[in-house]
Every structure is written in structure tokens, then in C-alpha cells.
Amino acid sequence: MKISGFFAALALALCFTNHCYCQQISLNNLPFTADIRCVYRFTYQSDSLNKMSVVSETAFLFINKQESEYTTRKNLQMDSAQRVVLARMRLNQGGRLSVAGMPVTSINYRIYKNYECKSITTIETIDIQRFRYTEPESVLAWRILPERQAVAGYACQKAQVAYAGRNYEAWFTNELPISDGPYKFSGLPGLIVRLADTKAHYSFDLVAVQKLATPMTVPGFMGNVQETTRARFRQAGQDYRANPFAAMESEGMVVTEEDRSRHRDKLKRRNNPLELR
Amino acid sequence: MWPRFRSAAALLFWLLLGGSRLAMAQTSPRTFAGTVTEKGGEALGGISLTVETRDNTVLAYGFTDEAGAFRIGLETGPDSVRLRARSMSHAEWSVLVPNRSQQFAVVLTPGEIKLKEVTVKGAPITRQGDTLSYKVDAFANKQDRVIADVLKKMPGIEVGGDGQISYEGKPINKFYINGQDLLESRYTMASNNLPADAVQSVQVLERHQPIRALDSLARPENAALNLELKKKVTATGQARLGAGWGAAPLGPLWSANVSPMLFAGRQQLIDTYQGNNTGQDVAAELKPLTLADLQQGSELSTRKPDLTHIQGLGSPPVAANRYLFNQVHLLSANHLVTISPENQLRVNASYLHDVQTQRGGAQTRFFLPDNRTVTLTEAKSNRLTFSNLLADFAFIKNVKRYYLKNTLSLDGRWDAQTGDLARAETGLRITQQARNPFVAVSNRLGLVRPLSGGRIVQLSSFTFFSNSPQQLAVQPGAFAGLLTGGVPYDSARQQARLGAFFTNNSAGLTLSRGGWAYSGQAGFSQEIQRLTSTLTTSAEPDLAGPPLRNDLRWNRGRYYLEPGLSRKADTWQASLSVPVSYYDFRAEDAPLGAGQRLRAVVAEPSLSLRRDLGPLWYVSASAGLSNDFGEISQLNYAYILRDYRTLQRNDAPLPRTQTQRYSGGFYFKNPLKSRFFNAFYSFSNSLNNRLYSSQVDASGAVTTVALDQNSRALTHSLNTSASQFISPWKTNLSLQASASQRQQPQVLNGQLAQTRTQNATVGLKMSVSAFDWGSLDYNATLTALRSAVADGPATAAARVQEHHASASIFPTGGHQFTLSGDYYDSRGPAPTVRAVFADLLYRYAMPTKGRKIDLELRWSNIFDTRQYQYSFVSPFQLAQTTYQLRPMQVLASARVSL
């Protein structure tokens, strides 16, 4: 309770300084305290041409009274490994990020949703820089359908939405009156239990919902975050993919043609992002 | 055409749906608006409000703003609707109202609502890339003790009678425990003794390359199995002791199995002692079930030769524990130690001693072309002694940038056989005694080293040395007509020794660029063998008689080049290999002045293709040409007494078979739905330079000679299998069907005829463990077999049915009763034979903490079925073999999980 009180105070302070009541309120690189944990199985096909490129990861939606944080288990592991290394560097013990044994994931975002402000804030990394942008929940114009079905033990109702170039079908339940879901998906009158795009490239399945007996602290991450807009963030992503070594070369590193072609191949195989536009 | 039709249909659909809705919306748009406050007057933001039908279908919804105000528009709907407000920190509020625009002042009372918590059970099978993971808990039931019990029930996985594990119809190439290869090819020692509850999951590693340095390059078609244990360090195993009594001639029975195991980070071990006289065939655990890494083709000369033997009885097509009269001891030690992060040492040593007795009879009727029938009846009583020492010492380094493995193996067998035989027609009694020892030492070395630029160097070397001095004594002497000029004599003694040396060495280079891989391999193999044999008779041999001494020196050299090309893309791959070999073969029996030499260049191209049709389907096809040359057992210029009624001389050109093979199949798997299906067809056309001609005389003696004439055999076969796991019922269903047809010429008593054999089998397997109080297993196979000569009428089909059913019930308190029954039924041209077996098992799992202790009482063969008859039918003969089975027996045992 104390911590959430602190958060509320912080939120207020931040909102006033931002001169707008409803902005993202949490300082995102601080730990997040959750009362409820939802676990999703997140399955995606990273290469639209290769149906064998299907990967399955575990994703978490951490919820407290005011807001929620969504990310994948591997992303949390990556961030915590990085935190250890940075802490050691700070202590001048020297740190090396060991690549072996590190989880491999192309997911490097955390998504925060504020229930009162109806806002969706994304913190995502391009190369090594973290960016933050906020969208209103109204970008998700849900259409509710009369179909009902039990999914994962909950009475669910179907809904559809189009977002960033894909059409999605969702099953939400009002047995859990939490207007939230995996990734940015939220704004329905109940928790999203299953969501998949119509091409079945991306799907999210609720595996567990747990009320935490003692509030749990979700570890944050290190490093600065740069404020931007979604449009500018996407532009930056495209620029990086077009010339991924620009930053490295500007620092005087030598990039061989082999490195370039290998990296181009890798990006070519990751041709199926969740957000197409 | 299609897209245009589709867009027209879509437009129509839109008009029907969207258009009508638009019309309604114009007539009656309603608004539900108002405020939400907490008791005491404070406005509540972020509360969700829904407008629902009476049966709780949401029609429209909205949220309150910071001032607690909401506004929900509804276009249409029933006469009355329910407005409901929900929040995690307030009690739910709802009201049923007429469906018209209206205002509400909602007051919520604070209060945590109880969260409906759910943990969805994970799917029983999950897929991650090329790995399928089967959760053991989802497939196991209470009666499963060892992991093989559970493997049998996993869809897509099959366990054969000898313990061989297959996935999608193809045998696995590796059996790992926590990713380590402790047992290599003899993995049944683990699958039959590792407690199922120590295993977390069974992983199928599809298209598994055991050599990590080749991982990116070549992906074999076969899968590997990995058992992921629950704990990082597992000390487990089982111990079982039993005693009992069997009806005469069995008497007292005993059985023991002590198998401690340890799986830790740096070492793994499985040791076992197993012994019994209850009919359990523990020797099956020593049977190699996979090929060695880098092994190319078969290594024929490394097998134990069968030079001479007593007249055997064969084994009936029922489970081994029904007919095996044994007295077996098996001691085995298997240790794997990681001596440094990349290097491992492994020792696998086993000793087996087994004394088996067989009793039975055989009656063979030959239908000769001149309408005569010859009958041969034998009653047999055999005693077989097996002593086998096997030891492998291996050094293994298997990392991405280096593969080095050297295995030194020792195989010693000291086998002996004695047999008493009575011929009903002549009243003759024959005693036979044979010794067939065999000692072999071999060394296998493999090296794979990736260099820069995608090149990989491979070296492989295999050397083998063996000696096998065998002998057979027969009383009274056989083949008096040929050997002693018709004078009956006391005894015949056949001595035969085969010494063999074999080496195969090759070096290869592989280049890969993009999706292409080019490989080239050059090597040679040399096989040097010497066969000496002497047949002596107690009577003076006929001096002008046939040659009875062999001294055959055999030398076969093969020099080969194997270029290969493969292309790997995202969804398909193809590989072509064109090995070209030069064979130089010499055989010479100097004392007999006989010999032959053959030099030949042969090409054996093969092509295989595979294409993925999405994540669930793939198709594969292959075609190839192969050449097989005969082996030394098919060449002897002087006579050898193979058994008391087979005197054989092979004075013919070396046999050679050229085979064309074509096959294609498709495979489906949906791990989410636990559904597997595959079907494949193959065709082979083989040309043999020998045609076998059999001559049956009036006494039933068969003389077979090889004619120097080409014969062609055509074989078609079709196999399909499907399996489905029904998760909520814990039920696995699998169905298998296969059919084959073989056509080949045959000569009997001088008449040449084309014979055609057709075979069809359907199998069903079902295992149901839906309830806590019981489970059911059932499997059945139906086989139909028929053959025909030329275009003549086919013989009546022989139909064989086999049914095995077992039902278990688990009343409370750790008790278990299992009743199982086997039913065999064969009918057709031979007399109908039926056999029924029933067994009862009572097991009590003691309520101990930690260690699991089971007490067991097993009552086998309740109906005391003592005989089984098996018939074999061909256009020329009807062979009926009668086997004596184990009578009723009772065994009490205690089992402890270590």
C-alpha cells in the first residue's frame, strides 16, 4: 500500500509538471509493483514466408490498481543481465555481457497502460537506445460481436480490432473486469483471454491469472529513455534497418562486408513485425 | 475469376449486413448516460459499464471519465437490457431497464471482488522450433513404472517389441538423457529401468544431427529422443526381487533386477544386474538399436558368422515371456564422465549368461509339381547356452568446432548348443552338439573439423578383427549316401573357422555456401577373410567322394569416391549423392584349385527431396540405385554340414543384386492438437544374378542350388499410421495399416514359376487413462497373407488376428489389479489355430514417503495354455511348427524405486 501511495504521489507530481493531467505517470525505469500477474503464451512467426519460423515465448501482464506492464520473460532476463553488468562496471569490477546462455529474443519492449488516462506507453529499444512514446487507448477501435464461447475456463465474448496493419480477433471475459490484455491491446470491458491476427502470424493465449498474495516488484531496466512519438519511432526503426552499422561506424568501428550481409540476411528473415505500419 | 466472384460476394454480404444495420440505427439510436460515484459522493474514473442482453452478451460498453461520467450509445437491441458496472475494487452493480435512452446515477460500494484465478494446463505437447516436448505427467498413469511404459502412449512415438523407439515411423538415431549420450545404441537399458516419475519431459529433436560440427550442414531424416529429468542431479533406478513357482516342468522361479542410476552435471551412470528364470528376455537390452556416428552403410563382415549350427526351432509370434525357458544373468556397467568442459570418457561393459531350453515339433509338407506330397516331421528338444562379453571404451569430444570420437570395442561370445531330435517317419533319433564361439575387437575413429569459409574436413577410420572357430557333431552320421558311399556310420563332425579382418578409411571435405553444400569423400575398404573347414565322418570317407575341406581365402577391396550436392532452402531441401566404387574381389581355394575374381565399377546414385508445406505438413521423396555383392557365407567350394539335414556347397559366381528404389511419403503433425499422421509408398526393383532352384526328394531332404541365371523381384509397399491424443480423456489412439506385394521367380523340382506374395496388416492401439480408478489398454493386429503362382489362382488367404487387452483398476489405498488377456487366431489353408492367454497382476504401492515400494503378485498363463502352433504357407509347402510354451506360473516380487 505504501508503495502505491508513493506512486500516486509521484504520478501526481509528474502529471502536473507535464502540464497535462493524463500523461504516462510511471517512471518506467523504476520497479513496477504488481498485485495481479497474468501469463500469456505468445506465439509468432518472424518470417512471413517461412512457416517454420514460429517461436513461442512466455509473456507477462503485471497489473496494479492504476496501471499495467506487459513484457516477455526473456526480455526481463535480458534486462536483468544487463543491469548486473552495468552495476559491475559502475563498481569498476569490469563487466562483460556473456552471450552464451543469454536468452535469444527479438522482443525488446515493455508496454505500460494507464487505466485512468486510457493511455498506452511503449518503451522499446532500437540498437541500444531506448525510446518512449504514448498512444491513446482510442487507437484501438473495438467492434464487439455477439459470439460467445468458453476460453481457458472463462466465459468469453468475441471482439475485433484493426491495428497497425493487421486485423485481430479477440476473446475477452467480463468475469475479470480488467480492461487490459497482451501487448497494446486493451480497452474492452474485460480481460483479453485470447487474441490472434487473422493471418495467424501473431497469437496470445492466456495461460494463468494469479492474484499475488504479496505485491511483487517487477525489475526495471537501466539506461536513459528518449521521449518521442510513434511516427518518429517507426522512422528511426526504418533508418536503423536500412543502415544498421551507421552508429557503429561513426564510433570508428570497422564493419566488414560479411558482417553486413549476415546482418541483412538476419533482417530479411525478420520481415514480419507485429506492427506493419 | 475467383477474386472477382469473392469481391462481389463480399459486397453482397456487406449490403445485407451493414445496410440493414444502418437502416436500424437511423430509426432508434439510444444513449445510456450518467455518473458513477462511490458511497459518500466521490466520482469514480475508469469504471467499465456494459449494456448487456438478459443472457449477459455485451452489446455496447463504455468507461467513466475522471469526473465519473459515462455515455454509451446503442444502435439496436432487445426490449430490455441490463446495465452493469464493474471494477476490481468495487462490488458489481447492475440494473435491468427498458431499452431506451436514459440517465443513471450509479453508486458503487467499495469491496475487493474475488478474482477468478485460472491456471490453464499446459498443452501436453509443445513445439519450439524443431523440438517437440511431451509432458510426461500428461501421458503417465498410475501403473506406469518406467519411462518406456509412458513412451508407448505418446502420439507419434512407437516402441517396438524389441524396445526400438520410432518417431513418425522412422527409428530414432540417438537416445539422450539430459542431453548426454550415455548408452549410445543400447538404450533399452535406460528406457526399461528409468522410473517414469524422474522424467519431466520427453523431447523429440526432429531431424537430429548427432555431430554438432555438422549441425548446420546435414540434417538426417531421423529424430533423436531426449529425456529431460526433473532434477539437475538425479539418483534413481529400481530394485526388484521376486520368487515364485511354476507348474511342471518349471518348478521354483526367481527374478532379480537391481539398477542404480546417477545423472549429475559431470557424470552419468547406469549399472544393472538382472537375472531370472521367469522368461523375461533381458538379453534384448544388449541389442544395438542405432547406427554409429559417421557409419556408412552396413558393415556385414563384423557380424558373428553362422557357419554351422544345430537344427533350431525358431520363435513363435507370441511375446517372448510366453515361450522362453531361460536362466539368465546380465551384469552391465555404463559410465559417462565429463573430464573437461568439452571432453568425455565413456565405458559400457556388459556380461550376459543365459541357458535356454526349447521344445517343439515341426511338420513340413511339400506339394510337388507331380501331385505327390512329401511330409517331414521332427520333434526337437534343444538347449542353448549363451555367454557374451561386450565392452566399449570411448573418448568423445563433440562441440561446434570439433568432433573427435574414438571407440574401442570388444565382443566375445562363447555359445554352445545341444539338440535331440526324433524323426517320426523313420523313427530315427539324432543328437547334435555345436560350439560357436566368436571374439572380435574393433576400433572406430571419427574426426570432423570445421575450417574457415564454411569448409569442413571429415576423417573416419574403422578396423575390425575377429575369429570364430565353430564345430558341430551329429550322431548318427548324416548324408551317408553322399559321404560314405551309403554305409551308415556313427557320427559326423563339422569343424569350420572364419577369421576376418576389415578396415574402412575415408577422408572428406565439405563446402557450404549460401544454401548449397558440396561434399566429396574418398576412401577405401579392405576385407580379408579366411574360411577353413573340415567335415570328418567316423566311418572311412569315400575316397572318390565329394570335397569336404575348405581353405578359402577371400579378399575384397573397395575404392570409392563419393561426391554429393545438397541444397537447403527455407521450405525445401534436396540432396544428391553419386558414390562411384571400384570393387576388386578375389576368392581362392588353393587346395581345391578353385577360385574366382571379379572387378567392377559401380555407381550408386541417390536423390532425396523434402518440402515443407507449412508448419504441419511435409512431403519427402527419394530415388536410388544400389549394388550389393554377396558375402563369404555364400561361397564354399567344398561341402559344409550346416545342420544335420543341410549339406551345402556354393560353387557359383559371387551373388550380385542391383536394386532400384523409389519412395515418397507425406507427414502431418499438429502438436497443439496432439495429432500425427504419415503415409509412405515405396517400390523396389531388384535384379539378382542367381536364381535358386530347390529339389525336394521323397524323404523330404531339400537340395538348393543357385542357377547362373538372372531373376528379378518387384516389391511394392504402402505404410500409413495415424495417432491422436485426447487430452481431457488421457487417451491415445493410433492406427496403422500396411500392405505389400512381392513378385519373384522360383524353381521347384525343375519348374520355373513366377510367385506373387501379398500381405496386408491393420493395427489398432488404444490406451485410456481417463479415470483415477482405472485404465484400459487394447491393441490388435489383423494380418492377411496370400500367395499365388504365375497367373494361377491364389491360395486362400491366411488370416492371423492378434488381440491384447489389459484393464487395470485402482481401488483406494495404493492397490492395483490388472487383468490382461491375449488372443491369437489364425485361419486359412492350414487348420485353424486359436490360443488364449490370461494374466493377473496385483500390485500394492506401500504408503511410504520418499522411496516408492511396490509389492506385486503376478499370476501368468492362468489358462495353462501349453502349446502354440504356427503355420507358414507357400504355393509349394505348408510348414507347421508347434512350440511348447511356459505353463502357469505365480511370481511374488517387491520393487523399490531407488
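Tutor: Let us begin with the contacts, keeping in mind that this is a predicted model. Here 25 residues of chain B are in contact with 30 residues of chain A, where contact means that the C-beta atoms, placed from the backbone, lie within 7 Å.

Student: Which strands of chain B each supply at least two residues of the side that touches chain A?

Tutor: Those strands are β2 (48-52), β3 (58-63), β5 (80-87) and β8 (118-119) of chain B, and the largest share, three residues, comes from β3(B). Sorted by class, this side of chain B has eight nonpolar, eleven polar and six charged residues.

Student: Which strand of chain A pairs with β8(B), and in what sense?

Tutor: The partner is strand β11 (residues 202-218) of chain A, which pairs with β8(B) in the antiparallel sense over two bridges. Along this pairing, A:Ala208 stands opposite B:Thr119 in β8(B).

Student: Now for the sheet: in what order do the four strands of the open sheet in chain B lie?

Tutor: The order is β3-β2-β5-β6 in chain B, with antiparallel pairing. Because β3 and β6 (90-98) of chain B stand at the edges with a single partner strand each, one side of each is left without a neighbour in the sheet. From one strand to the next, the twist averages 20°.

Student: How many bridges join β5(B) to β6(B)?

Tutor: Seven bridges join these antiparallel strands, and B:Ser80 has B:Pro98, in β6(B), as its bridge partner.

Notes:
Residues are numbered from 1 along each chain as its sequence is written. Chains are lettered from A and ligands numbered from 1 in the order in which they are written. This is a predicted model: local features need pLDDT of at least 70, side-chain atom pairs count only at pLDDT 80 or more; totals for chains, interfaces and linings use all residues. Two residues are in contact if their C-beta atoms, placed from the backbone, lie within 7 Å. Ala, Val, Leu, Ile, Met, Phe, Trp, Tyr, Cys and Pro count as nonpolar, Asp, Glu, Lys and Arg as charged, and the others, Gly among them, as polar. Two strands pair if DSSP finds at least two bridges between them. Axes are lines fitted to C-alpha atoms, for helices over the stretch in contact, and angles run from 0 to 180 degrees between N-to-C directions.
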